[in-house]
Amino acid sequence: MNKKYTIGVMIGNANSPHTMDLMQGIFHAAESMDVNVLFFLGIHSSYYYKSYFGEDAEDDYDYQFNAAYDYEAFADLDALIIDYGSLCIFLDEKESAVFLEKYRDKPRVLLEERDKTGTSTSIIADNYNGMYAIAEHLVKDHGYRNFTYLAGPHGNTDARERRQAVYDVMKKYGIEFGADRIAYGDYSSCVQNQVNELLDAYPDMEAMICANDVMAETAYKECARRGKIVGRDIAITGFDDWELAETMNPPLTTVLQNAFDMGYMAVISAVELCKGKQCHSIVVPAGVKIRESCGCRVERKVYEKTSILGLEEGWTDITEHYLDSMVKGILPDNSDKGLKEKTREYLRAILRVDFRIPESEENIKKISKNCS
């Protein structure tokens, strides 16, 4: 009854925000339940490295990259958590079954994948309804009709369900949406080519829906290079609600997929299997987080009136109230009055710069020159 279980965790793409949240949830659950955890860390798919280093796209060495997962055979494990959604294999359905068959002798929890065999507990986000809701918001609430979609990889269940939701919303509202309006990424930030392909093919698009937040951030950057302001000239949405989504400029409209909770639930489910309980399936709700990147003007009434975000004035007006304290934090109290005023003018000018446009760096240089 007092056995301390050892659970192996197969996980890939470990430097992505989403995967790190999953790992945090797993770690905290293991700590609170007094469970040993061994992480078998895979890496990005070969697709990621080829897109980054420009290797021959016809070569495929994912089977070599997946060698890390074979080491579980040398560990005395009581159960396995396989975060299939983050592994670097992205296999089709038949190959997926072969991969999972290798671990048939261990109680298993599948993260971000559906179990069709009844031999594993599965935990997956409600990808379809989450993406359906965000796509329908763009159509119903904003009236957009000209869309593109930056999708996840072909063989990934999350990506497939999200892509189907976008197709179904477009079909429901009679919006033209062919396969040429979709570009496929790998959930990493290395999707500059895909973003630019869509922007080149559809320069007048009203909205680009992205299958995750990391790819959406790259879309922000490529739009900025072209002088397009997100939330005004083009709507961009994501999926995951990673920690930077609310601080992006403008804040990103996305779908909350609580990876921390999913990781926590995976450990609880693995311990249940160790104790002989039956496998079951869990679908985690995924709710839309409306922010400004879709074109909405969000009233942030949840903040206290004393908070900067709770004030009704514009950002540049708000900072006028804080310039004195900013100057005091930079200069000693006995500094020359003229220097203080010049510093205040410099800060005021910087705060008026629109950092969403490509010319922002040049504008900063001009301000520095004029204030020197």
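The dialogue below takes up sheets and helices in turn.

Reply: Please keep in mind from the outset that this is a predicted model.

Me: Where should I begin with a sheet, and what is the order of the strands in the open sheet of 6 strands?

Reply: Strands of a sheet pair through backbone hydrogen bonds, in either a parallel or an antiparallel sense. In this structure the order of the 6 strands is S2-S1-S3-S4-S5-S11, and the pairing is parallel. S2 and S11 (281–284) each have a single partner strand, so one side of each lacks a neighbour in the sheet. From one strand to the next, the twist averages 15°.

Me: How many bridges join S4 and S5?

Reply: S4 and S5 (residues 121–125) are paired in the parallel sense over 3 bridges. As an example to locate, Leu111 has Ile123 of S5 as its bridge partner. Helix H9 packs on this sheet, where it touches S1, S3, S4, S5 and S11. The direction of H9 makes about 170° with that of S5.

Me: Which strands stand at the edges of the other sheet?

Reply: That open sheet has 4 strands in the order S7-S6-S8-S9, with parallel pairing. Its edges are S7 (182–184) and S9 (235–237); each has a single partner strand, so one side of each is without a neighbour in the sheet. Neighbouring strands are turned by 15° against each other on average, direction ignored. H5 packs on this sheet and touches S6, S8 and S9, its direction making about 175° with that of S8. Helix H7 (residues 192–201) also packs on the sheet, touching S6, S7 and S8.

Me: At what angle do the axes of H5 and H6 cross?

Reply: The axes of H5 (residues 127–140) and H6 (residues 157–172) cross at roughly 35° and come within 8 Å. This crossing is right-handed. Among the residues making the contact are Tyr128 and Met131 of H5 and Ala165 and Val169 of H6. By class, the contact comprises 8 nonpolar, 2 polar and 6 charged residues.

Definitions and conventions:
Residues are numbered from 1 along each chain as its sequence is written. This is a predicted model: local features need pLDDT of at least 70, side-chain atom pairs count only at pLDDT 80 or more; totals for chains, interfaces and linings use all residues. Side-chain values use heavy atoms; hydrogens and water are left out. Axes are lines fitted to C-alpha atoms, for helices over the stretch in contact, and angles run from 0 to 180 degrees between N-to-C directions. Helices (H or I, at least four residues) and strands (E, at least two) are DSSP runs, numbered from the N terminus. A crossing is left-handed if the near helix is turned anticlockwise from the far one by less than a right angle, and right-handed if clockwise. Contact means heavy atoms within 4.5 Å. Ala, Val, Leu, Ile, Met, Phe, Trp, Tyr, Cys and Pro count as nonpolar, Asp, Glu, Lys and Arg as charged, and the others, Gly among them, as polar. Two strands pair if DSSP finds at least two bridges between them.
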